[in-house]
Structure formats: structure tokens, C-alpha cells
Amino acid sequence: MYKQITTALLGICTYGAVMAQSTTPNTIIDGWDVLMKKCEQKNPNFRADLYEQNKQIEQKADAYMQTNTANKTTAVKEVPIVFHIVLNQSQINQLGGTSGIAERIQSQIDVLNKDFNAANTDSFLIPTAFKPLYGNMGIKFSLAHKAPDGSYSPGYEIITTTKSGFDIQSGTAGTGYYCSDAKFTSSGGADAWDTKKYINVWILSITPMGVGGVGTPPPYPAYGGTSMFPWNEQGIAISYMAFGKRTNGSQFFPLQAAIAGRTLVHEMGHFFNLFHPFGMSTMDNKTCTDDDGVTDTPLESAPTQSICPSFPLLDTCSKTFPGVMYMNHMDYSADTCRTMFSKGQAARVNVELASGGYRDQLGSDPGLIYWWSSSIENVAANNEVSVYPNPATNACTINCNDVVAKRIDIINNLGQVVHTIIPAANETILHADLGNLAKGVYIIKCTFAETTTTTKLMHY
Ligand SMILES: [Zn+2]
């Protein structure tokens, strides 16, 4: 569930042979085993329950694929994401201060949106044999501009801590696992925003050094449910060293295998209940019995660690062409080598986002993304004018209830009139084209002969 990124092979290039001798890919430890051991302690039937759980999700995912055969054909779901930056001043400075952090966040959002929408520009690297399996999750990640208290937020907060780092498995707050100390204000971190409605990402220094990140899976009973993964800890912790996309290898050390912002892509996969293609629990799937519960990802005997192999890569579980899907985001290849989710994975994620899934409330409130001021917040619907649909995507109808207005103004949250409609004689039901307006919240102000009414319109 968390991912240890090796500097080993990259060390050969960067630091020379001494580094290469001291670490090899075979010595890398992955936190998945730590997680599974913890789950097994909580639940003696863990393995059996997990297989049963996976079987059920796989059935749902297969059913989803039956109705979405071309690729992703349903509407893109837009979900709010908030970054809690919990770093000490020295670490903040290493990221370039507040402006550097803002840039890094934007690059991270861009990477997520490309990789989750089959829009990554390096998709040409996907081998022809796997290209038909290139999956489109259909998820748009947008910075959350409405904080839980209703105030405006840039979509991130910077908490300057005195701590040098947060341990992956020895916290004092919450479960004590997965950097839980960073997830609570009381222990020097930042409290989560409603984890059913926002995707919370904590950016921090993770100890031990070398861990790229850790994403909580949904609290399925098989994992120990909310005792292992309580709702107020749901989200993803990412090392500040593996955060965002960097174009210059020396821009930040030392997790250079994680230079393209894809640590969060991988951990986001876990957050939506994706497994590693080499199986559920082990780093060494010798018997090829471990599977990820996804129909179209080939079995894999062991992770591909922080390197970029040549295609095809055959192993004991996938002995024939095209071999293993080492370029999958849920494998451990270097960032620059991971270029695809599969269609089966996309289906599985969309099962979680659909009604009844563990992530089904994400995106249910577009107001969390498109903030409006409290003055607009307090505008109530009135009986004289109705606006529908509301929220509206491209256009809406304004019904003035048989009274002809002198004019109708659409006003943005800065108070600026962005569109005016002058009704014709006897025209009481009007059409407003919203196509050219920025997404957000607007006021529909109707001026009648003797009165004025205002109604709030959400456009997204
Ligand atoms: Zn992982």
C-alpha cells in the first residue's frame, strides 16, 4: 500500500558505481507487506475475505465493462482534491517556497488529469500489444476552492511544522500508521477535510527515507474496515521528494525514479482500491496465485523496480508474449516508464465512484470546487423566478412566472455583469447560453417594473 522508491539503478547514472554496489533492486522493501501483515493481525480470515471481496468487485467491474465497451463512455466525473502541505521551513524552501509549492501542485494536478484520462503525451510508448487495453478512468481532479468552513481556499494549505518528518508506521495520533500524525492538527499535521467528499493529499517528509507515498484503500471489511482505515485518515500521504512533475533531474533529490509526478498517480490507484499487478500481498508472487482482481492485467511474479525494462518482459507468471504489463501505473517501474492504466482497472475504479461504491460521494457537490462568496451563498431561491437546470452545464432556462422582466443580468461572484438578456414583449421564459462563461456560481438578477429578484445559479 505504500511504495518504496529505490534510488538504486538511477544511482548508477547519478552517483556512480559505489552507490550501485550498496543497493540493488532485490533489497528494496515495500510497505505492502507491512500493510498486509497488519491487516492479517486484525482479521485472521484476511486472505480469504480479500479474495472474496475482490471476486465481487471484479464481477461488478466486468459488468461495467459490458456497458462501457468502447473505453470510457460515461461522463467525466469531477472531484475536489485538497493538498495539505505539512513541512518544516527548510523543506518548504527546498520546494521553492510558496510559489514553488503552487507550481508543484499545478504540475501534479496536470499529471493526474492526463494519466486518469488516457491523455498522457507519452502514451505512444505503450506497446502495440497492450494499446487496446489502454484505459480511461474519466476522472477530472480539480482543486477544492471551498474549505469545510465555507471560506475560499486555493485548494491547498501550508502548515509549517517543526518536525523533520512523519514516520510511516509509528505515529501517536489516530491509527499510528500511514503517517497518521500528519493527518491531525493535534499532532503537528493538518486535519482531513470531509474525506467522503474531498480527496485529501498530505505532502510531507516521510520516514524512513525512500518511501514515496502511501494511499489508504477504501475501508472494506476485508481490510479491517474503519478500524484499520478510519474515514478521518482516508487519503494519501506523498513524500515531498516525489511530489509533482520536475523537468530537471537535479531539481530535487534523491527520488529520481519518481520525477514525473506518478507516485501520486500510483497511490491514487490504491485509494480507488487498485492492487499491484503482481498480486495482493507479496513482493514475490512465486506461485503466480496472487492476482489484482483485474481481468486484463497479466499475472506478474514480482514488481519491476524503478527501472524501465525492454519490451517484452517475460517472467515465470507471464511466460509468453506480450509478457507482463510493467508500464502499468500500479507496477513499480520508473515514473518515466509507467504510461497506462488498463480498461479493467478503469472499470474497477468507476465501480467505486458509482452509486454504492466507497467513493461515490466524491464530486457530489460541485460547490466544493467552485467557491462563491457568502453574500452569494445567502441568496435564496424565490418564487418569482425559477432557473433550471441548476446546476447547469451549457445553458439554462429562466422562467419569470408569466411576468415580463425589463432585463435579466447574469453576475459573477466579483459582482460583474457578464451577460444581459433583454426579453421581448410577452417573453417570460428565456434561454441563457452559458457556454462562454467560466465555471462557477452566478447570480441571476431579474429587474421587473417594480421589483428585483436574485437567484443563484451554479454553472459547472
Ligand atoms: Zn503500491
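Ile57, Lys60, Ala61, Tyr64 and Met65 of helix H4 are in contact with Lys343, Gly344, Ala347, Arg348, Asn350 and Val351 of helix H9, two residues being in contact if their C-beta atoms, placed from the backbone, lie within 7 Å. Helices (H or I, at least four residues) and strands (E, at least two) are DSSP runs, numbered from the N terminus. The residues of this contact divide into six nonpolar, two polar and three charged; Ala, Val, Leu, Ile, Met, Phe, Trp, Tyr, Cys and Pro count as nonpolar, Asp, Glu, Lys and Arg as charged, and the others, Gly among them, as polar. The model is predicted, and local features need pLDDT of at least 70, side-chain atom pairs count only at pLDDT 80 or more, and totals for chains, interfaces and linings use all residues. Residues are numbered from 1 along each chain as its sequence is written.

Two packed helices are described by the angle between their axes and the distance between the axes. The axes of H4 (residues 46-67) and H9 (residues 343-353) come within 8 Å and cross at roughly 105 degrees. Axes are lines fitted to C-alpha atoms, for helices over the stretch in contact, and angles run from 0 to 180 degrees between N-to-C directions. H4 and H9 are therefore roughly perpendicular to each other, as angles under 35 degrees count as roughly parallel, over 145 as roughly antiparallel, 65 to 115 as roughly perpendicular and the rest as oblique.

The protein chain contains 10 helices and 16 strands. Of its 460 residues, 43% count as buried. A residue is buried if 20 or more other C-beta atoms lie within 10 Å of its own, exposed if 12 or fewer, and partly exposed in between, with C-beta atoms placed from the backbone. Among contacts in the chain with a separation of 6 or more, 68% are accounted for by residues 24 or more positions apart.

H4 has 22 residues and reaches 32 Å from its first C-alpha to its last, close to the 32 Å expected at 1.5 Å a residue. The expected span of a helix is 1.5 Å times one less than its number of residues. Phe46, Leu50, Asn54 and Ala61 are the buried residues of H4. Seen down the axis of H4, these residues fall within an arc of 55 degrees, so they line one face of the helix; the arc is that of the directions from the helix axis to the C-beta atoms. Ala48, Glu52, Lys55, Gln59, Ala63, Gln66 and Thr67 are exposed on the other side of H4. In H9, 11 of 11 residues are buried, and the helix is thus described as mostly covered. The buried residues of H9 pack against H4 and S2.

Helix H6 (residues 97-115) has 19 residues, which should span 27 Å at 1.5 Å a residue; the end C-alpha atoms are 27 Å apart, in agreement. The buried residues in H6 include Ile101, Arg104, Ile105, Gln108, Ile109, Val111, Leu112 and Asp115. Viewed down the axis of H6, its buried residues lie within an arc of 160 degrees, so they line one face of the helix. The elements covering them include strand S2 (77-87), helix H5 (89-94), strand S3 (139-143), strand S4 (156-160) and helix H8 (262-271). In helix H8 lies His270, which counts as buried, with 23 C-beta neighbours inside 10 Å. His270 and Gly215 are 55 residues apart in sequence and 5.7 Å apart in space, C-alpha to C-alpha.

A cis peptide bond joins Thr207 and Pro208, with omega about 0 degrees; Pro208 lies in the loop between strand S7 (206-207) and strand S8 (211-215). Another cis peptide bond joins Tyr388 and Pro389, with omega about -10 degrees, and Pro389 is in the loop between strand S10 (386-388) and strand S11 (395-399). Tyr178, although not a glycine, has a positive phi of about 55 degrees. Tyr178 lies in the loop between strand S5 (166-167) and strand S6 (199-204) and is buried, with 32 other C-beta atoms within 10 Å. In the loop between S11 and strand S12 (407-411), Asp402 has a positive phi near 70 degrees; Asp402 is exposed, with 8 other C-beta atoms within 10 Å.
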